[in-house]
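Thanks for coming. I will talk through one structure today, starting with a charge and a ring and ending with the cores.

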Amino acid sequence: MRTAPAALAAHLAGEATTTCHCWRVTRRDGVVLGFTDHDRDLALGGTAFLAASGFSASEAEAAAGLSISADEVSGGFSSAAIREEDLAAGRYDGARVEQFLVNWAAPDQHMLLNVREIGEVSRAGGEFRAELRSLAHRLSQPQGRVYSRRCDAVLGDARCGLDLSSWRGEGAVIEVKDASRIVVSGLGGFESGFFRQGALTFSSDGAADVETHERRADGTAELTFWLPLEEPIAAGETFTVTAGCDKSFATCRARFANHLNFRGFPHMPGADFAYSYADGERVHDGGPIFE
């Protein structure tokens with residue numbers, strides 16, 4: 001059971017109160033930020049809580065036992081607080097959020113209300129909404145490996161074991177056609193499609209997933225991204241791009257010659273196997289019944 005400190009309890013028992021909420025956000029990279037819904041900045045436990053963040057909380061529900069509860073906070077983007085590019089880059093994914101009830105007239109009178117993690121974040125019109133999940137949500141997350149016909153390793157990681165040095169290219173941006181297409185130099189020695197489904201990292205720390213790679217007659221190449229770039233880039237910016245993998249056993253064997261390290265189950269029957277029937281002509285390998 002939560003017990004309020006004596007001084008705060010005495011204040012809450014009075015006829016008039018001067019309380020507000022404060023949130024201390026600790027990102028996975030160690031950056032600590034403070035926000036409050038009060039109209040001026042507050043200092044608490046060595047953390048400065050900013051009032052200009054526009055933070056406000058929704059109605060919250062508490063659940064007993066290990067039930068998963070969630071609420072949300074919302075606010076506007078501010079260069080002094082949360083930036084849109086930080087959210088887009090995932091720097092707040094899984095961040096720890098501590099919520100305090102504070103007597104803003106005497107900040108030493110405060111109590112910790114709950115500890116949450118940032119879940120789903122939505123952005124629109126210069127505003128964000130972040131879901132705050134209770135720590136009990138970790139108990140509902142899948143653990144261990146998932147049986148699948150495709151590989152569940154990341155290309156080039158310790159489980160995959162592939163040396164990516166010969167599967168990388170470097171170049172520079174020549175032209176930005178739009179947020180999803182760029183023309184680049186430096187990839188003239190690679191055939192079309194070599195970097196399809198690959199990963200690209202810009203020198204400015206931006207990143208994108210490559211959908212298609214087309215080599216052009218003049219030695220340049222055009223790259224198309226799965227999603228539009230979150231941050232604008234300019235001609236002349238350099239990058240590194242790594243080839244991708246569709247996670248199939250055939251690609252692992254034919255393209256990368258890495259089938260001994262394949263981390264999937266290519267011979268596992270698929271869902272259609274349960275509905276299949278013997279007709280004397282088909283191979284019962286879990287493939288679709290109707291082509």
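R27 lies over the face of Y92, 5.1 Å from the ring centre; a charge counts as over a ring when NZ of Lys or CZ of Arg is within 6 Å of the ring centre and within 35 degrees of the ring normal. Before going on, note that this is a predicted model, in which local features need pLDDT of at least 70 and side-chain atom pairs count only at pLDDT 80 or more, while totals for chains, interfaces and linings use all residues. Residues are numbered from 1 along each chain as its sequence is written, and side-chain values use heavy atoms, with hydrogens and water left out.

Where is R27 placed? R27 is in the loop between β1 (19–26) and β2 (32–36); strands are DSSP runs of E, at least two residues, numbered from the N terminus. R27 has 10% relative accessibility, so it counts as buried, meaning under 20% relative accessible area with a 1.4 Å probe and protein chains only. Leaving aside residues up to four places away in sequence, R27 touches D86, R91, Y92 and A95, where contact means heavy atoms within 4.5 Å. The R27 side chain also makes a polar contact with the side chain of D29, at 2.8 Å; here that is a pair of N or O atoms within 3.5 Å, one able to donate a hydrogen and the other to accept it.

A second case of this kind: the charged end of R255 sits over the ring of F194, 5.2 Å from its centre.

That ring brings us to aromatic pairs. The whole structure has eight, a pair being Phe, Tyr or Trp rings (for Trp, the six-membered one) with centres within 6.5 Å; planes under 30 degrees apart are stacked, over 60 edge-to-face, the rest tilted. F190 and F194 have ring centres 5.0 Å apart and planes at 40°, so they are tilted. F194 and F195 have centres 4.8 Å apart and planes at 75°, so they are edge-to-face. F190 and F194 are both buried, and F195 is buried too. Ring pairs join W167, F190, F194, F195 and F256 in a cluster.

Last, the cores. A nonpolar core is a set of buried Ala, Val, Leu, Ile, Met, Phe, Trp, Tyr and Cys residues joined through side-chain atoms within 4.5 Å. The largest has 30 residues, and those touching the most other members include F202, L223 and F225. β14 (221–225) is among the elements giving it two or more residues, and gives the most, three. Apart from it lies another core, of 13 residues, including F35 and A95.

Methods
Buried < 20%, exposed > 50% of the residue type's maximum accessible area, 1.4 Å probe, protein only. Helix = DSSP H or I, 4+ residues; strand = E, 2+ residues; numbered from the N terminus.
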